[in-house]
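Reader: I am new to this structure. Please show me how to read it, one feature at a time.

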Amino acid sequence: MRRTEVSYGQLDRALRSLGFTCRPGKNDPPGRVYEHSKTGATIRVPAFPENDLVYEHHLVAARMELNDFGIADPTVFEAKLQKAG
């Protein structure tokens, strides 16, 4: 699996800046569940350390959810990730 150049900490800060809240997941293995109350969007990621680089498929899933729910287009999300870095 390929890693991106974005850390899980950056992803967390970017999603929170877009109005997501975060709670621990209840499944095994543990993870994080990001929820956007205005739209109902949900993004789930494993509980990796903040400085670990994000797996590409996790970033793609987040981009798709943001786009599908009209929260942020890819360019806005990319800018949020860079600012969070």
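Author: Start with the terms. Helices (H or I, at least four residues) and strands (E, at least two) are DSSP runs, numbered from the N terminus. Two strands pair if DSSP finds at least two bridges between them. In this predicted model, local features need pLDDT of at least 70, side-chain atom pairs count only at pLDDT 80 or more, and totals for chains, interfaces and linings use all residues. Residues are numbered from 1 along each chain as its sequence is written, and side-chain values use heavy atoms, with hydrogens and water left out.

Reader: What joins S2 to S3?

Author: A hairpin does, through six residues. S2 and S3 run antiparallel, joined by four bridges. Arg 23 stands opposite Val 33 in S3.

Reader: How should I read the sheet, and in which order do its strands come?

Author: Strands of a sheet pair through backbone hydrogen bonds, either parallel or antiparallel. Here three strands make an open sheet, in the order S2-S3-S4, with antiparallel pairing. Strand S2 (21-24) and strand S4 (41-46) are at the edges with a single partner strand each, so one side of each has no neighbour in the sheet. From one strand to the next, the twist averages 25°. Angles run from 0 to 180 degrees between N-to-C directions; axes are lines fitted to C-alpha atoms, for helices over the stretch in contact.

Reader: How many bridges link S3 and S4?

Author: Six bridges, in the antiparallel sense; S3 covers residues 31-36. Tyr 34 stands opposite Ile 43 in S4.

Reader: Where does helix H1 lie?

Author: Helix H1 (residues 8-17) lies across S2, S3 and S4, at about 165° to S4. Asp 12 and Arg 16 are both in H1, four residues apart, about one turn of the helix. They form a salt bridge (a side-chain nitrogen of Lys or Arg within 4 Å of a carboxyl oxygen of Asp or Glu), with their closest N and O atoms 3.0 Å apart. The structure holds five salt bridges.

Reader: How do H2 and H3 pack?

Author: Two packed helices are described by the angle between their axes and the distance between the axes. Helix H2 (residues 56-68) and helix H3 (residues 74-84) pack at about 125°, their axes 10 Å apart. H2 and H3 are therefore oblique; angles under 35 degrees count as roughly parallel, over 145 as roughly antiparallel, 65 to 115 as roughly perpendicular and the rest as oblique.

Reader: Which residues of H2 and H3 make the contact?

Author: Contact means heavy atoms within 4.5 Å. H2 gives Leu 59, Ala 62, Arg 63, Leu 66 and Asn 67; H3 gives Pro 74, Phe 77, Glu 78 and Leu 81.
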